[in-house]
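Have the viewer ready and keep the selection tool at hand. Each stop says what to pick and what to look for.

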Protein chains: 2
Amino acid sequence: MSAYTHPHNDADFVFEHIVEFNQLCQQAGLEDINTELSSAILTEAAKLGTDVLAPLNWEGDQNGTSMTEKGVQESPGFAEAYQQFVESGWPSLTAAEAFGGQNLPHVMGTAVNEVWHTSNLAFALCPMLTHGAISSLTNHGSKEMQDTWLPNMINGTWTGTMNLTEPSAGTDLAAVKTKAVPNGDHYLISGQKIFITWGDHQMTENIVHLVLARTPDAPAGVKGISLFIVPKFMLDEAGNTTDKQNDVKCISTEHKLGIHASPTCTMSFGDNGGAVGYLVGEENKGLSYMFTMMNHARQDVGLQGLAISERSYQQARDYAKERVQGTNKDGSRFTIINFPDVRRMLMLMKAGTEAMRALSYYASAEIDRSHFAADDSAKVKHHNRVELMTPIVKGWLTEFAQELTYLGTQIHGGMGFVEETGSAQHYRDARILTIYEGTTGIQALDLVGRKTLVNGGEFLQDLLNDIAETAEALKASDKFASHAAKLSSALDKAAQARQWLLDNAKEDRSAAGAISVNMMMMMGFLCGGWMMGKSAIKADKLLAAGEGHEDFLKAKLITCQFYFDHLLPRVDGYFAVIQNGGESMMAMPEDSF
Amino acid sequence: MSAYTHPHNDADFVFEHIVEFNQLCQQAGLEDINTELSSAILTEAAKLGTDVLAPLNWEGDQNGTSMTEKGVQESPGFAEAYQQFVESGWPSLTAAEAFGGQNLPHVMGTAVNEVWHTSNLAFALCPMLTHGAISSLTNHGSKEMQDTWLPNMINGTWTGTMNLTEPSAGTDLAAVKTKAVPNGDHYLISGQKIFITWGDHQMTENIVHLVLARTPDAPAGVKGISLFIVPKFMLDEAGNTTDKQNDVKCISTEHKLGIHASPTCTMSFGDNGGAVGYLVGEENKGLSYMFTMMNHARQDVGLQGLAISERSYQQARDYAKERVQGTNKDGSRFTIINFPDVRRMLMLMKAGTEAMRALSYYASAEIDRSHFAADDSAKVKHHNRVELMTPIVKGWLTEFAQELTYLGTQIHGGMGFVEETGSAQHYRDARILTIYEGTTGIQALDLVGRKTLVNGGEFLQDLLNDIAETAEALKASDKFASHAAKLSSALDKAAQARQWLLDNAKEDRSAAGAISVNMMMMMGFLCGGWMMGKSAIKADKLLAAGEGHEDFLKAKLITCQFYFDHLLPRVDGYFAVIQNGGESMMAMPEDSF
């Protein structure tokens, strides 16, 4: 069990110097919004996170959700916490003003979501999924549909879900079998969906399910999937929730390794003739609508990687400062933070989380910039960057989170293996992150395929050019000569890997598959180095000018150096693997496994 | 839940061609023992593992141990399984003939232990700890003590434990506080021990605790620790167990992340005046006696890293061959083993476990050779190799096991996160391996300190010379030119790292600590490559001669190539970190964490 404190110095630093939030808001025409406001918002969010959500985290793990006659009963205290969350107006932070939203930039939502995910990952999944559903309806629903559903989803009165997966259709959505039969102004939905996060609970009066299904004459495969709204309870003509239950229910929940307080539901649609469903947009375009939701969610899951690592770090750090183990020659005792190897693990966690934070905020701000940039060509550039960064943020942050939460338990020694210590919960909770919203393998394939090979490596080249600018800026300062050399060396390897990919993988699916995860991880550690390079330059300037928080900035410089010394060099290992390619990977006959 | 099949082809291959078991047995004067016998023994062990122990593994996870009035109640079915284990004579396999043992080489025990650990890690810990206690008494107990205690421990009638850790004395055994007061022919022991594996159960009529404690006038620190036998039940004059309970009991068990069927006990000694304890060897030499046990156990824990990875691999492989996900253009479906990234993960697991197996058997055989080698100088050479290999086997195999069991769950996608699938159990069980019997940090420090810096890098140089021989042998064959180049390159980096260590870390504790884990992991992947290089040469020769199992040998060559392509290159990443040293690691003020 661990307390949670929001790392406000670092979040503010990233907002001001990496995100360049003030410039972003000006460009977006949001004159009243600036870093002073963002800092105040984060301070408020942190209060709710620290005081209300974080203390429920362990409780939710030990007393997960349960099945009752009414359906899924959420963990003790969660309904009250959700009520506070709604009353404080958090669900509507970044939603459109037209539907009652506060219209703040996307990156503001990201920084606030970090607070929710860090304080209570299982809880935070509920608003996160709702937000994805809002995003899909905002982009693809009719005006009437939006008017009906969005306001109550945006203010948190109702929650939302994503119903994609079926027993034989996980990564492979082409195999979706759920049916949607036209029936007057609506459709009748029948079928079974699995792995539905927060598919049922008693916290709100209604739940809005977004469901992928096939109409009777739909083409086979992914081009025959449509998206439907299926509410838990029917609405009356005025759009209010009635007590008439729709023909959808949760029939079981999964017994999982982690996130015990987040119900993972098997949903049954149409056991009594068909659940009423309303078509979103046009028929057969459901998959692309769902991707709006999914792409949004993918960066959010990356953010969860940061969040769970930060939580694990805070607990390990506190333990390392308190745990006495070791005796000086004079007989006095010392704490384990004085052991070099414990220091190394803490530094890996600190440098890792700070690089993750900078990268995830940066990538999130690129979403804003793809909307608000000055002209169309700039918008396209930022859009392309979002496309490229999404699999890196999702893939790298969640994979890295496995290692960092592992280190969090390792620092605890034997106590780390004891559940009551609480560190193991973070390790268990983290494990889902590389699986849901597209596995690491899927992210990596997205990165090398749709985001690189399809555009001839242009998006990637643009990114490498930007990183090269940072390497040049580092080179301009004597004290960062070593950083510059290391970043340039890593960059050079990334450029070679890009070329290898273009030369070898375009026609050869197995070559791409052989190196894709290595490529994604290499790009992640490189982008982390890019962010830390930018951070070092800023911290140095501020210190020279006598501005900012001196201790924080000095620590930032040390953390950056550690990143360059201990994390950026991993690029070498991934690169060496990429060069060796996939020849030996597909050679094994299936029977020899 | 997963079945378990012993990988007998690979075990036999390693025995014959890496361990060179026949040569070892001849040297040891064990004329009747050869690879034919070892293969038959493994086949028998595999039957018990597959049919009896493996099916209990999931049951033990879900129904872990419990506390009752009688003490710890083991998981359902475990007592019956233990009875079968004892009746088949397995506990005595490698023990001394003088006390009823079968006197087989140590490496035979290692290969058989792999079967127990793979089929049921929690169960196997019980005989493993007993074996450690036997080893300590065999080396340090008096003849009378050995006659009294060893036969029933060796035949499995009694089990044994290691009582080291106390609440404030984990890694730091200098802080042990448990007291031992002389009282006639025995001592009275009082104090509390924590994290005692299999500290209590009802499977046997008695339990023999080996306990570290301090006599009244003992010097402070590690030089004042003595080792005692403390039985659960007192013996009568004939050496039979009576119903008189000694003053020791388990007062609670831990609620753990994994190995739920292995009771982790808090043991209380002397609540009613003092537990009767018998001094082993001399006073104040307990720590070195315990290290006999511990060093033995460390290689065994490394072996557990292989075992849990193998189990996870078998389950993931079976799933990947069965799970349909994906549609060909003609509408037919295919299984996920056809996805390149799934293939990559399976190959990592296969290549990883095979390298681990070769290395752990090799290191175990070095223990035999340190006893049986032809002359004293050879014995010393093998002894030094054991010293060097122990932290590598413990450290590398257990760390690597975290990644491999992670991949095992990853291959299952969403199902991997569902507990009933069973893959998550392996992932949870594996988590303890880098903690107990000395954390990874401790192994790494042992490797760079006592095993390298103390001897001026001699042990390490000897190892690098042996690996260089294999690189030369690879170079001699055209088809292995690429392997040779890769192994030579990795070897060159290891040589540079060794020099870096000698130049920089002798005086600087933090430099050693900064690079030690990287050094250990680098050496692990290098040694794995050494083993795979040897294996490739052998497999190629056998194929050319038309000997051996053709499919197995062809698969071995592919697996070796994959290791050289995808695992050996990791040396580059570790080496790059080592070069950067520890400067940035200790620089952070404690308050800035």
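Predicted model: local features only at pLDDT ≥ 70, side-chain atom pairs only at ≥ 80, totals over all residues.

Start where the two chains meet: chain B and chain A share 2 salt bridges.

Select A:R333 and B:D172. Their side chains form a salt bridge, with N and O 3.2 Å apart.

Now show polar contacts between the chains. How many residue pairs are in polar contact between chain B and chain A? There are 37, counting pairs with both residues at pLDDT 80 or more.

Next, select residues 550-567 of chain B. This is helix 16, and it gives the most to the side of chain B that touches chain A. Its share is 9 residues.

Colour that side of chain B by residue class. You will find 35 nonpolar, 31 polar and 24 charged residues.

Chain A brings 90 residues, and chain B brings 90 residues.

Switch to a surface view. About 7800 Å² is buried between chain B and chain A. Carbon and sulfur atoms give 58% of that area.

Which residues of chain B lose the most area to chain A? Pick B:R343, B:F417 and B:F593. Together they make up 12% of what the chain B side buries.

Last stop: select residues 162-270 of chain A. The unreviewed UniProt entry lists this span as "domain: Acyl-CoA oxidase/dehydrogenase middle". Switch to cartoon view and check the fold: the span is 49% strand and 0% helix.

Technical notes. Residues numbered from 1 in each chain as written. Chains lettered and ligands numbered in written order. Heavy atoms only, no water. UniProt positions renumbered as here; feature names shortened; annotations may be inferred. Helix = DSSP H or I, 4+ residues; strand = E, 2+ residues; numbered from the N terminus. Contact = heavy atoms within 4.5 Å. Buried area = accessible area lost by both parts, 1.4 Å probe. Salt bridge = Lys/Arg side-chain N within 4 Å of Asp/Glu carboxyl O. Polar contact = N/O pair within 3.5 Å; in protein donor to acceptor, adjacent residues only side chain to side chain. Nonpolar A, V, L, I, M, F, W, Y, C, P; charged D, E, K, R; others polar.
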